Amino acid sequence: MTGAEQLLLVVEDEPTLRDLLSASLRLAGFEVVAAENGTRALEEVGARRPDLIVLDVMLPDIDGFEVARRLRQSHPAAAGGPPPILFLTARDAAEDRINGLRAGGDDYVTKPFNLEELVLRIQAVLRRTGGHRHDGLLVVGDLELDPDSRQVLRGGRSVELSPTEFSLLRVLMENAGRVLSREQLLERVWAYDFGGDDSIVASYISYLRRKIDTDGPKLIHTVRGIGYVLRRPRP
């Protein structure tokens, strides 16, 4: 999983720092959505399911520790748990660090901080936790695919797929944000090297779109002359 495939939620009440963080993380290859307070952060997690949250502790309405506790309650381990959290704060006392980890944080960075170091810490957390992919569950925006149960949900709605449609969607989701050529899809889904008729790919992409992209923002995109890509909707 690369940075370009991962969505970060930046929760920071100070506008200048929030904008700086968002811009810097986008330059590092992440998709970024921002929230100015704890209430908005909880709403964004419910709507977008980010891969990681950069969460300021000192927020104007609900402090970051309480946000983390509420996320643990609303996203129990049995349901995959909440996204990993990297706390960001000016409070560097040992007790605050312990409280942050007890609240469900995966790392703790104090202000002022080096942006390059912050990116490295985010990448390290994502490597340890696998982002928001728990127990093999694939999640892109409001689209979910469970390889074990072979269940697909879009916005909470069950989507019935044929075995080939399921395999094609799985490959697209495993490579979210990456453009795959028709030849690559033939090889990975149909086990053809280069001898297969690649028109079958376009046909099955069309079938998938009718089932996946009828409700909500479009996820499956055609890149003319190259192939196809599944992308998260833009904020």
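Modeller: Before we start, a helix here is a DSSP run of H or I at least four residues long, and helices are numbered from the N terminus. Keep in mind that this is a predicted model.

Biologist: Which residues of α2 are buried?

Modeller: The general idea first: an α-helix has 3.6 residues a turn, so residues three or four places apart point the same way. In α2, which spans residues 38-48, the buried residues are G38, A41, E44 and V45. They cover an arc of only 115° around the axis, so they sit on the same side of α2. The face turned away from that buried side carries G46 and A47, which are exposed.

Biologist: And what do the buried residues of α2 pack against?

Modeller: Their partners are the strands β1 (7-11), β2 (31-35) and β3 (52-56), along with α3 (64-74).

Biologist: Now for a helix pair: at what angle do α6 and α8 pack?

Modeller: Two packed helices are described by the angle between their axes and the distance between the axes. For α6 (residues 163-174) and α8 (residues 199-212), the angle is about 85° and the axes are 10 Å apart. Angles of 65 to 115 degrees count as roughly perpendicular, and α6 and α8 are therefore roughly perpendicular to each other.

Biologist: Which residues meet there?

Modeller: From α6 come T164, E165, L168, L169 and L172; α8 brings Y204, I205, Y207, L208, K211 and I212. By class, this contact has eight nonpolar, one polar and two charged residues.

Note on methods. Residues are numbered from 1 along each chain as its sequence is written. This is a predicted model: local features need pLDDT of at least 70, side-chain atom pairs count only at pLDDT 80 or more; totals for chains, interfaces and linings use all residues. Side-chain values use heavy atoms; hydrogens and water are left out. Axes are lines fitted to C-alpha atoms, for helices over the stretch in contact, and angles run from 0 to 180 degrees between N-to-C directions. Helices (H or I, at least four residues) and strands (E, at least two) are DSSP runs, numbered from the N terminus. Angles under 35 degrees count as roughly parallel, over 145 as roughly antiparallel, 65 to 115 as roughly perpendicular and the rest as oblique. Contact means heavy atoms within 4.5 Å. Ala, Val, Leu, Ile, Met, Phe, Trp, Tyr, Cys and Pro count as nonpolar, Asp, Glu, Lys and Arg as charged, and the others, Gly among them, as polar. Buried means under 20% relative accessible area, exposed over 50%, partly exposed in between (1.4 Å probe, protein chains only). The arc is that of the directions from the helix axis to the C-beta atoms.
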